[in-house]
Amino acid sequence: MVSTAVAAPLKADAAKSTVSAVFKQLNVPVEAKFKKFTAQIDFDSAKPATAKASVDIDISSFDLGEAEYNKEVLKKEWFNAAQFPKATFVASSIKAAAGAPAGTRYDVAGKLTIKGKTADVQFPLAVKKDGTGQTFDGTLPIKRLAFNVGEGEWKDTGMVADEVTIKFHVVTAP
């Protein structure tokens, strides 16, 4: 028996949705996209506490805009895509943000796993109606070294900064 209290799953529109990582290399901002990911979202703005959300990112789809760089970041020192082909996020709570207009902003907490390392994370989420669907926008700041992204000589943050911002824009339809 299915409970009617649970929101209907929303389908992410891959053509309109994006996940990217923004970081500094030699103090110059770089934004690279993950071209393949799946998002499972059950969300009803009237009942955010019952919401469920998870995202699986295909690490081999990371695109820095140049084939040689793309190949490099898949190696063991960086993402080690052969051993850890996916990064995942699973929400543990979604709560309406204090002071925000109803149904527009939420505080999300959950577990992020990259390269076999899992950490508790939290971030603000903006939600808006988009025709019959919804748009979910957020930014999640992380430290790459907490996930062992950049081992050996790449632990030096003089070349590639430790701070990384994961940005996402997910467009869904019922």
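Val-108 stands opposite Phe-123, a residue of strand β9, and this strand, residues 117–130, runs antiparallel to β8, to which ten bridges join it. Strands here are DSSP runs of E of at least two residues, and helices are runs of H or I of at least four residues, both numbered from the N terminus; two strands pair if DSSP finds at least two bridges between them. The model is a predicted one, in which local features need pLDDT of at least 70 and side-chain atom pairs count only at pLDDT 80 or more, while totals for chains, interfaces and linings use all residues. Residues are numbered from 1 along each chain as its sequence is written, and side-chain values use heavy atoms, with hydrogens and water left out.

Between β8 and β9 the hairpin has two residues, and Lys-115 takes a positive phi near 55° in this hairpin. Strand β8 (residues 105–114) also pairs with strand β7 (residues 86–96), in the antiparallel sense and over eight bridges, and Lys-111 in β8 is the bridge partner of Val-90.

The structure also holds eight aromatic pairs, where rings of Phe, Tyr and Trp (its six-membered ring) pair if their centres lie within 6.5 Å, and planes under 30 degrees apart count as stacked, over 60 as edge-to-face and the rest as tilted. The rings of Phe-62 and Phe-79 have centres 5.3 Å apart and planes at 70°, so this pair is edge-to-face. Because Phe-62 lies in strand β6 (residues 62–63) and Phe-79 in the loop between α1 (67–73) and β7, the pair ties together parts 17 residues apart in sequence. Both Phe-62 and Phe-79 are buried, a word that means under 20% relative accessible area, with exposed over 50% and partly exposed in between (1.4 Å probe, protein chains only).
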